[in-house]
Amino acid sequence: MKAEEVRELEDAELEHRLGELKLEQFRLRFRSGIMQLENPRLRREIRRDIARIKTILHERRDGEPGGES
């Protein structure tokens with residue numbers, strides 16, 4: 001998920017997506033402890049998507065524009 005795609009979503013949608021990603025992250029972490037994952041890069045992609053969503057939600061709450069200093 002790219003940052004532009006995340007910015008297009010409403011806050012409620014982002015919160016919902018964040019919950020889904022955290023659940024999926026937990027499931028992947030659990031599965032990786034039991035067996036080898038088919039796609040180990042998926043854990044990294046999910047972690048980065050979570051960070052992207054949290055960053056954008058934080059920017060919106062603080063009223064800061066994205067990426068500008």
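1. Buried residues have under 20% relative accessible area, exposed residues over 50%, and partly exposed residues lie in between, for a 1.4 Å probe and protein chains only. L23, at 41% relative accessibility, is therefore partly exposed.

2. The model is predicted, so that local features need pLDDT of at least 70 and side-chain atom pairs count only at pLDDT 80 or more, whereas totals for chains, interfaces and linings use all residues. Residues are numbered from 1 along each chain as its sequence is written, and side-chain values use heavy atoms, with hydrogens and water left out.

3. The largest nonpolar core comprises 11 residues: V6, L14, L18, L21, L28, L37, I46, I50, I53, I56 and L57. Such a core is a set of buried Ala, Val, Leu, Ile, Met, Phe, Trp, Tyr and Cys residues joined through side-chain atoms within 4.5 Å. Two or more residues come from each of α2 (11–34) and α3 (41–62), and α3 gives the most, with five. Helices are DSSP runs of H or I, at least four residues long, numbered from the N terminus.

4. I56 belongs to helix α3 and is counted as buried because its relative accessibility is 2%. Leaving aside residues up to four places away in sequence, I56 touches A3, V6, R7 and L14; contact here means heavy atoms within 4.5 Å. The C-alpha atoms of I56 and G19 are separated by 15 Å, and these residues are 37 apart along the chain.

5. With the same exclusion of residues up to four places away in sequence, I53 touches V6, L14, R17, L18 and L21.

6. D49 also lies in helix α3. With a relative accessible area of 11%, D49 is buried. Its contacts, not counting residues up to four places away in sequence, are M1 and L21.

7. On the surface, L23, F26, F30, I34 and M35 form a nonpolar patch with about 560 Å² of accessible area together. Nonpolar patches join side chains of Val, Leu, Ile, Met, Phe, Trp or Tyr within 5 Å, from residues with over 30% relative accessible area and no salt bridge. L23, a member of this patch, is found in helix α2.

8. The structure holds one aromatic pair. F26 and F30 are stacked, at 6.4 Å centre to centre and 20° between the planes; pairing requires ring centres within 6.5 Å, and stacking requires planes under 30 degrees apart. Because F26 and F30 are four residues apart in helix α2, about one helical turn separates them. F30 counts as exposed, at 53% relative accessibility.

Definitions and conventions:
Patch = residues over 30% accessible without salt bridge, like charges linked within 9 Å, V, L, I, M, F, W, Y side chains within 5 Å. Areas by Shrake-Rupley, 256 points an atom, 1.4 Å probe, with all protein chains shown as cover. Salt bridge = Lys/Arg side-chain N within 4 Å of Asp/Glu carboxyl O. Phe/Tyr/Trp six-rings, centres within 6.5 Å; stacked < 30°, edge-to-face > 60°.
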